[in-house]
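Work through the exercises below with the sequence and the model open. Each task is followed by a solution in steps.

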Amino acid sequence: MGTNKTKNENYQLTWEFPVDSAFSYFVRLHFCEFQTEITKPGDRVFEILLANASAETQADVVNWSGGNGIPVYRDYVVAIGKIGKEKQQNLSIAMHPTPEWRTRYSDAILNGLEIFKLSNGVNLFGPNPDPDTIKPGYSPPTSNKPNNNKVVFGIVGGVISGFVLLSLLCFFVYRRKRRVKDTASSKGVPVMELTKCGNSSLPSELCRYFSLAEIKQATNNLDNVFIIGVGGFGNVYKGFIDGGATQVAIKRLNPESQQGAYEFRTEIEMLSQLRHLHLVSLIGYCNDGGEMILIYDYMANGTLRDHLYNSKNPPLPWKQRIEICLGAAQGLQYLHSGAKHTIIHRDVKTTNILLNEKWVAKVSDFGLSRIGPTNMSQTHVSTVVKGSFGYLDPEYSRRGQLTEKSDVYSFGVVLCEILCARPAIHRSAEKALVNLAAQAQECHRNGTLYNMIDPFLKGKIAVECLKKFTEVVMSCLHDNGMERPSMDAVVWGLQFALQLQETAEEEGLKPNAIAGIEKDIDEESPIIAYAMEDESGEVFSSIGDHVMNSRSTTSFSLTSDEQSFIRKGSDKHLSKAVFSEIRDPQGR
């Protein structure tokens with residue numbers, strides 16, 4: 001790929017091969033390190049993606065083969081499902097370097113490959129047969145003396161009639177769309193309502209469509225035994241598709257939930273067009289029979305919150321917490337600066353950061369996401385205030401002006417939770433609501449932030465690492481959005497903090513290394529703490545988007561932490577949801 005590490009991390013090597021739909025394929029990848037500089041494990045580590053799903057997150061040819069110049073191959077099976085009536089699809093094979101801090105050379109290689117089509121009980125020769133177009137039991141006429149004139153006139157008449165009917169149909173559809181669009185633009189609702197399977201306004205090429213029958217088959221008729229999460233939006237089920245070969249998470253939206261058709265459509269449109277290592281993958285959707293169901297890759301380790309507090313799971317080591325923070329930050333970084341347009345997530349919180357079986361962090365839940373300013377003259381998007389209580393940017397809540405810095409603030413709250421192992425909003429001994437971000441800022445200003453750190457971490461964090469991490473947290477929590485860093489700067493700061501921790505651990509971290517460093521931590525520039533305007537815990541909601549004209553017209557649509565996704569169980573199953581980072585959409 002070249003020697004420029006920065007450029008390499010923004011691109012990937014991709015090959016695409018046309019294959020028949022509804023078959024599985026055996027893929028063999030051949031590797032051999034010939035480059036003289038690559039001699040030991042860790043010199044060149046990269047990711048392998050097959051059909052946009054992760055096959056290897058840390059591929060290391062030297063580690064597999066045992067040395068330089070020794071050939072080795074790896075075998076995989078890839079299932080290619082059906083998309084509508086398409087007979088063929090592209091099977092993609094992609095290589096992408098791991099982040100610079102994980103490898104010596106940010107590069108990827110592939111020396112050869114083989115693809116074999118596997119039988120699923122039908123003849124493998126030729127493409128898939130076309131579906132039968134003749135209804136069962138229908139018998140065409142068998143007259144041996146057809147009237148040629150009648151046949152010709154019949155064909156011509158049929159063509160003309162069909163053309164006229166098609167023209168009228170297109171005209172009425174066009175008029176209806178225009179009418180619905182005009183109504184939607186004035187009321188702030190979706191352009192087209194989601195309908196049943198046959199008339200779905202979501203094009204099939206966005207992602208795979210599932211019928212309700214397939215969903216029921218995957219979950220044993222939506223059996224409660226398969227529920228792995230419960231929230232205000234509805235239930236999350238663990239399911240099995242493609243004949244049980246693929247494990248998935250199935251999110252069934254409750255019709256009474258605040259997350260309605262608009263959020264449902266937004267999430268499908270957003271996730272279907274985004275591909276990144278640290279964004280959750282959307283496999284498909286179902287809006288059959290009035291249902292609103294989303295199918296995701298299964299995340300074996302649940303949400304980040306599951307491993308911080310109010311859980312029986314063991315506490316995470318500090319280094320692993322930083323790696324998870326860094327992964328989530330890179331996902332947000334891609335949304336803000338790597339996609340075609342700036343995307344503002346608007347609901348960053350610990351329950352929307354999922355962890356797969358390899359503890360790779362993935363940002364999820366794009367129902368509230370918005371496209372950011374589309375030209376240089378715009379600095380924000382004016383919209384109804386939406387988000388989660390405790391994570392909401394105070395500047396956005398006051399003015400209704402949404403920017404990517406609103407995500408930065410919410411991510412700062414997430415960093416506080418990771419450091420302190422406390423919820424964003426909790427009740428004090430006096431039963432009053434306590435805002436974690438405001439409390440952390442107050443302690444930082446008073447020089448007592450050390451007292452808020454998770455007791456499990458005390459004595460396990462390197463001094464310089466903690467100082468850098470605290471610096472990143474406090475910069476994210478600035479009340480003034482202009483003073484907050486970009487996600488690019490946040491990613492750099494977390495990478496530096498991780499390097500400081502790794503260096504300290506290699507040199508031998510002293511048990512009392514961080515005892516008595518409160519003064520060092522809190523001597524950074526003080527941050528003005530803010531008080532939430534409403535600490536009553538009341539949740540205000542409003543549907544639709546509009547331009548905010550004054551503070552008095554601001555309305556809120558918040559989701560309480562009590563309604564957040566709660567994972568049940570801790571099944572360790574494989575996940576195929578690791579996508580590559582494409583910082584430049586034209587990089588393919």
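Two strands count as paired if DSSP finds at least two bridges between them. Strands (E, at least two residues) and helices (H or I, at least four) are DSSP runs numbered from the N terminus. The model is predicted, so local features need pLDDT of at least 70, side-chain atom pairs count only at pLDDT 80 or more, and totals for chains, interfaces and linings use all residues. Residues are numbered from 1 along each chain as its sequence is written, and side-chain values use heavy atoms, with hydrogens and water left out.

**Exercise 1.** Describe the surroundings of strand β12 (residues 282-286).

Solution. 
- Step 1: In the hairpin of β12 and β13, 6 residues lie between the strands, and G289 takes a positive phi near 60 degrees.
- Step 2: β12 and β13 (residues 293-297) run antiparallel and are joined by 4 bridges. Across this pairing, C286 is opposite I293 of β13.
- Step 3: β12 also pairs with β8 (residues 208-209), here in the parallel sense and over 2 bridges. R208 has G284 of β12 as its bridge partner.
- Step 4: Buried means under 20% relative accessible area, exposed over 50%, and partly exposed in between (1.4 Å probe, protein chains only). Because 4 of the 5 residues of β12 are buried, this strand is largely enclosed by the rest of the structure.

**Exercise 2.** Give the strand order of the open sheet of 4 strands, and find its edges.

Solution. 
- Step 1: The order is β1-β6-β3-β4, and the pairing is antiparallel.
- Step 2: β1 (13-20) and β4 (53-59) each have a single partner strand, so one side of each has no neighbour in the sheet.
- Step 3: From one strand to the next, the twist averages 15 degrees. Angles of this kind run from 0 to 180 degrees between N-to-C directions, with axes as lines fitted to C-alpha atoms.

**Exercise 3.** Follow strand β3 (residues 46-50) through its contacts with β6 and β4.

Solution. 
- Step 1: β3 and β6 (residues 88-97) are antiparallel and share 5 bridges. L49 has A94 of β6 as its bridge partner, while I48 stands opposite M95 of β6.
- Step 2: Between β3 and β4 there are 4 bridges, again in the antiparallel sense. I48 is partnered by E56 of β4.
- Step 3: The hairpin of β3 and β4 has 2 residues between its strands, and A51 takes a positive phi near 55 degrees.
- Step 4: F46, I48 and L50 point one way from β3, E47 and L49 point the other way, and all are buried.

**Exercise 4.** Is K251 buried or exposed?

Solution. 
- Step 1: UniProt lists K251 under "binding site" in an unreviewed entry; such annotations may be inferred rather than shown by experiment.
- Step 2: K251 is found in strand β11 (residues 246-253).
- Step 3: K251 counts as buried because its relative accessibility is 7%.

**Exercise 5.** Which elements each supply at least two residues of the lining of the largest cavity?

Solution. 
- Step 1: On a 1 Å grid over the protein atoms alone, a cavity is a set of points where a 1.4 Å probe fits but cannot get out, and lining residues have an atom within 4 Å of a point.
- Step 2: The largest cavity has 14 lining residues, with R346, D347, Y391, L392 and S410 nearest its centre.
- Step 3: The elements are β19 (385-388) and α8 (404-420).

Note on methods: On a 1 Å grid over the protein atoms alone, a cavity is a set of points where a 1.4 Å probe fits but cannot get out, and a pocket is an open set with protein on both sides within 12 Å along at least five of seven lines; lining residues have an atom within 4 Å of a point.
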